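Please take a first walk through the structure shown below, moving from single residues to the packing of helices.

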Amino acid sequence: MAATERLLHHITTLRYEDIPAAAIEAAKALTLDTLAVCIAGSTSPHAGAIAACAAGWGAGEEAHVLGTGKALPAPAAALVNAFQAHSQEWDCVHEPAVVHSLATIQSAVLAAAERRGGLCGREFLLALAAGVDASATIGMSSRSRLKFFRPATAGTLGVAAALGKLERFDVATLRDALGLAFSQAAGTMQAHVEGKPTLALQVGMATRAGMNAADLAAAGVPGPHDMLEGPFGFFEVMEGEWDVAPFDALGRISRIAEVSIKPFPTGRATHAGIDGIQRLVAAERIEAAEVERLTLEAPPLIHQLVGRPWREAMTASYARLCFPFVGAVALTCGTVDASDFQPGRLADPALRALAERIEVAIDANPDPNALVPQTVRAHLRSGVVREARVDHMLGSPVNPLTAAQREDKVRRAWRQSARPLDAEAVERVIALAGRLEELDDIRLLGRLAVP
């Protein structure tokens, strides 16, 4: 059976009862995390301008922008919320696929829930699981280095799959929805190279495109049918090399259980390095002044994503993807937080001096999509060399954050809202997230996340 046929069969037949309990628990934690980082992103540079533009792209007050309360047409609200969710590089990620699935899918499903007048918790969780199965499986099939920005390209198809599940599309309608989503799929790694906020905007535009595709398919508009393996399909055009073996696991493995929650508001590719630095500091009592040179030895993708040097007048978007800067902050402060990307910190001469002594070196890992293992190696002025190897990044399913760590992140993100939110509401949201499957209407979460 071709990859497309397997995906269509899986999405249309998947039931809530088919999702393992561990995957449901993971989905609830990811929902809370994504809600929180979306709120925090409401204060990101350009968030206000993007929301203002989106408000001019059509009339209607169908769905809300989290952290601000602005009401927009549902696809426009989904675009803004997805941008906010990814704008601080704090949103969860499926590491093997290199896809930020929840930023797109959850933003779309919440907007659709408002537009349709309600959605129960089980329907919500089912739609999320279906969408992540689609986007992660597509991403995992790639065997080439990133050229297009996969969180946007695969994310568009994930949104269409999630909404197709939500609206109970049959195979023919879902096929059209995925084809229409692929017809709009876009997103370039050039935005990543330049450290532009366009990266997060691509996630937002992918979300809106996926919603548009589902709407068009529901209206009977056809789309390309061989959107994955066709001669000009997703894999040929956007990946170049692929292996559809991951499609064999559809129905056996729930990919939402494999998604990692990010402890630091930086590119995921920096996290093993931060973790390694923290381990060295804790075990060896190393101080920044003692370090003559620090090297992060990592797979080729890590160098591609975060091996860039510190540079004059760099933006927060660039700095979050610059391991020399992020590593300097971790070595100096013991951790990395959102406040470290303010203009004063980015221009700090002490951080610059330390960042210029930090580099990313490519190891011999042959996997173009591998993120681990990584080794931090500190060369001290005394001549001693200390190192720490990280096989699994903090926040991944095999090295998870504790419940207390996850909730602390949610509370910190909540306080970053563009407009003040009820301080007590965050505790209610945390409690509700623990029993999402019992909610009669998922819109309650969104109501608590707007002023």
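Arg 285 has a relative accessibility of 64% and therefore counts as exposed, where exposed means over 50% relative accessible area, buried under 20% and partly exposed in between, with a 1.4 Å probe and protein chains only. This is a predicted model, in which local features need pLDDT of at least 70 and side-chain atom pairs count only at pLDDT 80 or more, while totals for chains, interfaces and linings use all residues. Residues are numbered from 1 along each chain as its sequence is written, and side-chain values use heavy atoms, with hydrogens and water left out.

Arg 285 lies in the loop between helix H12 (271-284) and strand S3 (291-298); helices (H or I, at least four residues) and strands (E, at least two) are DSSP runs numbered from the N terminus. Although Arg 285 is not a glycine, its phi is positive, at about 55°. Ala 313, in the loop between helix H13 (300-306) and helix H14 (316-319), is another residue other than glycine with a positive phi, near 55°, and Ala 313 is exposed as well, with a relative accessible area of 74%. A further loop, between strand S4 (358-362) and strand S5 (374-380), holds Pro 373, which is joined to Val 372 by a cis peptide bond with omega of about 5°.

Which residues are buried in helix H15 (residues 323-333)? They are Phe 323, Pro 324, Phe 325, Val 326, Gly 327, Ala 328, Val 329, Ala 330 and Leu 331, and because nine of the 11 residues are buried, H15 is largely enclosed by the rest of the structure. Just after H15 comes Gly 334, with a positive phi of about 90°. Gly 158, found in helix H7 (residues 150-166), counts as buried because its relative accessibility is 0%. Leaving aside residues up to four places away in sequence, Gly 158 touches Ile 105, Gly 131, Ala 134 and Ser 135, where contact means heavy atoms within 4.5 Å.

Helix H4 (residues 74-87) is mostly covered, with 14 of its 14 residues buried. H4 reaches 20 Å from its first C-alpha to its last, close to the 20 Å expected at 1.5 Å a residue, the expected span being 1.5 Å times one less than the number of residues. Glu 89, which follows H4, has a positive phi near 55°. H4 packs with helix H5 (residues 101-116) at an angle of about 150°, their axes 8 Å apart; axes are lines fitted to C-alpha atoms, for helices over the stretch in contact, and angles run from 0 to 180 degrees between N-to-C directions. In this contact, residues of H4 including Ala 74, Pro 75 and Asn 81 meet residues of H5, among them Ala 103, Ser 107 and Arg 115.

The last pair is helix H2 (residues 21-40) and helix H18 (residues 403-414), whose axes come within 8 Å and cross at roughly 25°. That angle makes H2 roughly parallel to H18, since angles under 35 degrees count as roughly parallel, over 145 as roughly antiparallel, 65 to 115 as roughly perpendicular and the rest as oblique. Residues of H2 including Leu 32, Asp 33 and Val 37 meet residues of H18, among them Arg 406, Lys 409 and Trp 414.
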